[in-house]
Amino acid sequence: MKLRAIAVFVIALAIVTGSACATKKYVRNRVNERVTPLENRTGELEETSRRNTQDISRLSRDIEDVRQRTDRAQQQADRAASSAEQANTRVGGVEQSITDLRANLDKYTTQKTVTVQFEANKADLSPEAASALDELASQIRDRNGFLLEIQGFASAEGNPTKNELLSQARSESVRRYLAEHHKIPLFRMSLLGFGASRPVASNDTLEGREQNRRVEVTLLTNNAVSQQSK
């Protein structure tokens, strides 16, 4: 009886133990069935996150590159705009200069007037008159844009027609001297004799008549040339 009881107990214990082992294995298998997909999904998510991080990094570099290019393009545009503004300013200045040149092309300004005296009834230059003309010529040597107005006069004594011819001869003497001795072109000199029509002093006195026997040489400078030389 005792041996039978022991055998029954051993069999029962084996059954219980085997049942417990089977249950643990079942539970482990069920857990593995749930955990494995989660682990796989986690790995996929980590890979996706890694790729997203790389994409974001590349996108950031691209954005920075575009920003730098945009800054450089803006700087070039600013320089181009500045150059264009400077060019417009220069063009405006040139246009204004041309306008001023055209406006002043036929305008002259009196620079100075030199007066030389003559003896009665004569048109020859005295040494004093020649010296005064030499001084004037030295001031216009190698210059452009000037004219000389040569106006001859006479005192009132004698025949008016003769005085007019005498004043013309005096003007011609001055022009010839300047052309021969100082190479001043004839086209830069205009002359006319006014006779006794424009006295600067009274013809009733000797001193007055001496002052009226004269040639006035007026130096005129073209305004356009004067502006260019500034």
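Two strands pair if DSSP finds at least two bridges between them. Helices (H or I, at least four residues) and strands (E, at least two) are DSSP runs, numbered from the N terminus. By that rule, 9 bridges join β1 (residues 108–117) to β4, and the two strands run antiparallel.

This is a predicted model: local features need pLDDT of at least 70, side-chain atom pairs count only at pLDDT 80 or more, and totals for chains, interfaces and linings use all residues. Residues are numbered from 1 along each chain as its sequence is written, and side-chain values use heavy atoms, with hydrogens and water left out.

Start with the whole chain. It holds 5 helices and 4 strands. Their order from the N terminus is α-β-α-β-α-β-α-β-α. Of the 230 residues, 22% are buried, where buried means under 20% relative accessible area, exposed over 50%, and partly exposed in between (1.4 Å probe, protein chains only). Take contacts, meaning heavy atoms within 4.5 Å. Among those between residues at least 6 apart in sequence, 77% join residues at least 24 apart.

Now turn to β4, residues 214–222. This strand is mostly covered, with 9 of its 9 residues buried. Arg-214, Glu-216, Thr-218, Leu-220 and Asn-222 point one way. Val-215, Val-217, Leu-219 and Thr-221 point the other way.

Leu-148 leads on to Arg-188. Leaving out residues up to four places away in sequence, Arg-188 touches Asn-144, Gly-145, Phe-146, Leu-147 and Leu-148. Arg-188 sits in the loop between α3 (160–182) and β3 (189–193).

Last, the aromatics. Rings of Phe, Tyr and Trp (its six-membered ring) pair if their centres lie within 6.5 Å; planes under 30 degrees apart count as stacked, over 60 as edge-to-face and the rest as tilted. The count comes to 1 aromatic pair. Phe-153 and Phe-194 form it, stacked, at 5.6 Å centre to centre and 15° between the planes. Phe-153 lies in the loop between β2 and α3 and Phe-194 in the loop between β3 and α4 (206–212), so the pair ties together parts 41 residues apart in sequence. Phe-153 is buried, at 1% relative accessibility.
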